[in-house]
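Come along and follow with the model open.

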Amino acid sequence: MLLIPCPNCGPRDETEFHYGGQAHVPYPENPNELTDTEWSRYLFYRENPKGIFAERWVHSTGCRQWFNMLRDTVSYDIKSVYPMGSKRPDRSPDGAPESGTASTGPDSTTTGSAAPSTSSTSFPSTTAPEGATK
Amino acid sequence: MSTQHLPEHPDFLWRNPEPKSSYDAVIVGGGGHGLATAYFLAKNHGMTNIAVLEKGWLAGGNMARNTTIIRSNYLWDESAAIYEHALKLWEILPEELEYDFLFSQRGVMNLAHTLGDVRESIRRVGANKLNGVDAEWLDPQQVKELCPILNIRDNIRYPVMGATYQPRAGIAKHDHVAWAFARKCDEMGVDIIQNCEVTGFLKDGDRVVGVKTNRGTINTEKVGLCAAGHSSVLAEMAGFQLPIQSHPLQALVSELHEPVHPTVVMSNHVHVYVSQAHKGELVMGAGVDSYNGYGQRGSFHVIEQQMAAAVELFPIFARAHVLRTWGGIVDTTLDASPIVGTTPVENMFVNCGWGTGGFKGTPAAGMTFAHTIATGAPHKLNAPFSLERFETGALIDEHGAAAVAH
Ligand SMILES: Cc1cc2nc3c(=O)[nH]c(=O)nc-3n(C[C@H](O)[C@H](O)[C@H](O)COP(=O)(O)OP(=O)(O)OC[C@H]3O[C@@H](n4cnc5c(N)ncnc54)[C@H](O)[C@@H]3O)c2cc1C
Ligand SMILES: [Zn+2]
């Protein structure tokens with residue numbers, strides 16, 4: 001069971017949440033102009049990384065708010081929680097991964113408010129609950 | 001009553017050769033699908049200078065972790081055709097492979113718990129019959145006669161309102177299936193190479209010409225991907241994307257019991273499916289964990305929910321113990337149907353997206369994928385399961401028809 005740090009309510013059991021899949025998938029700006037290939041990308045293709053994944057969760061039985069989360073899809077460690085609409089905290093503004101390992105990017109607690117998304121709640125893997133999934 | 005004895009654990013059934021520097025075709029992934037593909041490449045197409053590369057041990061992925069349900073009662077014509085072909089192959093393979101993998105046609109029941117379920121089930125029985133798939137609709141009393149330990153009282157949260165039943169469906173010993181294919185592959189000269197992880201591909205323009213592995217580079221004319229949960233990772237290495245999400249899927253067994261459960265019972269609505277293995281364990285599976293995961297483990301609450309459903313349906317299970325739980329990584333698509341066909345990379349082919357239900361498809365996946373690799377074009381059974389369907393919109397939506405598609 002994941003122990004998910006809701007930005008509003010604090011750490012809560014995974015059973016209080018619902019999963020929303022990949023984060024940062026905007027609705028096409030000009031839907032009328034999309035080709036079939038582009039539509040299929042928007043509808044059916046999502047990233048499926050083995051490693052850090054930016055995903056959406058909603059705290060459905062708590063504050064009922066959506067938020068984004070960076071999670072390692074192998075260890076299941078939660079790396080960072082940040083608001084909907086803000087950029088991935090482990091990517092530089094041009095979208096490229098920060099140098100160094102993505103998992104310990106600029107969102108570690110020591111950098112505090114220097115992180116790109118200032119309100120991101122950070123969970124360096126060392127403080128993630130041991131065996132966050134059991 | 002006595003339980004059925006399993007064959008002795010066999011001696012080594014295949015060689016462990018060093019990889020050669022080149023092959024006519026390389027199959028990535030030594031699970032059931034990779035092995036079946038190699039088998040049919042050699043047997044039907046005479047391609048024996050081929051290798052199956054497996055990063056771990058033979059059939060240690062989903063092939064070792066599934067609950068072995070085999071059935072073909074899918075709703076849509078395309079699915080019924082390929083899964084029924086698989087079922088017919090299951091019926092002849094023990095003889096053809098000269099290996100008894102205990103394919104037990106004890107029937108599979110899919111329970112209906114709501115009016116919606118009832119309507120969908122009766123429709124599916126009709127569709128199955130039109131497609132030559134054996135199917136029956138059972139009322140609750142008939143359900144009870146076939147499986148006396150099922151609770152059909154109407155005072156439970158989701159009472160049993162009936163079931164579809166496919167008598168020719170059943171279970172088989174998954175490990176033995178893999179060994180049976182591996183042994184025949186080896187006899188025909190196929191190299192099965194374990195501990196050989198594919199880490200990249202060599203390309204000449206848009207054409208694949210080789211694979212990079214932790215045991216060196218191997219040149220090849222054709223590559224077939226059979227990597228199940230890792231399909232996206234391999235496609236990424238090759239430079240294209242797949243509409244796949246990888247999820248943990250868990251299952252568990254109890255300790256050994258006297259035979260109490262004569263058939264296979266699945267419930268899409270309460271998310272549990274149960275059979276009793278040949279040795280006597282109760283084997284149960286649930287739905288996928290909601291999140292993406294490559295960890296071969298999921299969350300415990302999924303198991304808890306599955307047990308709650310199982311105990312309500314089978315009150316005598318209340319005193320059984322969970323002996324072992326485990327997880328695999330399943331490659332799900334949005335229409336719950338597989339992808340078997342060509343890719344944007346020339347001479348590279350993909351077989352994936354079987355998700356939670358690909359064990360039953362193993363022989364047909366192997367036969368059609370081998371055809372696709374050998375001839376460069378799909379067999380008529382896998383043609384509808386192309387990657388292009390996500391662009392053309394010709395989806396094969398088995399989700400509505402079988403929410404838990406094992
Ligand atoms: C818990 C569970 C229950 C299930 N129950 C059922 C059921 O009842 N009925 C049913 O029909 N289906 C069921 N399934 C689904 C079924 O197991 C799969 O669809 C099927 O096994 C997938 O094909 P495979 O056997 O080839 O996969 P796998 O056995 O997973 O084979 C893929 C192989 O590729 C290898 N690989 C990955 N990456 C690389 C690389 N880079 N280089 C080399 N090798 C690589 C992996 O190590 C693995 O061995 C279940 C699955 C799970 C997890
Ligand atoms: Zn909350």
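**Salt bridges**

I began with a search of the whole structure, which gave 18 salt bridges over all chains; the rule asks for a side-chain nitrogen of Lys or Arg within 4 Å of a carboxyl oxygen of Asp or Glu. I then picked one pair in chain B: Glu91(B) bridges to Arg168(B), with the closest N and O atoms 3.1 Å apart. This pair links distant parts of the chain, 77 residues apart. I found Glu91(B) in helix α3 (residues 77–96) and Arg168(B) in the loop between β6 (162–166) and β7 (170–171) of chain B. Helices (H or I, at least four residues) and strands (E, at least two) are DSSP runs, numbered from the N terminus.

**Ground rules I kept in mind**

This is a predicted model, where local features need pLDDT of at least 70, side-chain atom pairs count only at pLDDT 80 or more, and totals for chains, interfaces and linings use all residues. Residues are numbered from 1 along each chain as its sequence is written, chains are lettered from A and ligands numbered from 1 in the order in which they are written, and side-chain values use heavy atoms, leaving out hydrogens and water.

**Where chain B meets chain A**

I counted 28 residues of chain B in contact (heavy atoms within 4.5 Å) with 26 residues of chain A. The two chains bury about 2300 Å² between them, 50% of it on carbon and sulfur atoms; this is the accessible area (1.4 Å probe) lost on being put together, summed over both parts. On the chain B side, Tyr291(B), Tyr294(B) and Glu391(B) lose the most area to chain A, together 25% of what that side buries.

How many salt bridges run between chain B and chain A? The count is 0.

**Two helices in chain B**

Next I looked at helix α1 (residues 32–45) and helix α6 (residues 174–187) of chain B, which pack at an angle of about 35° with their axes 9 Å apart. Axes are lines fitted to C-alpha atoms, for helices over the stretch in contact, and angles run from 0 to 180 degrees between N-to-C directions. Leu35(B), Ala36(B), Ala38(B), Tyr39(B) and Phe40(B) in α1(B) meet Ala178(B), Phe181(B), Ala182(B), Lys184(B) and Cys185(B) in α6(B).
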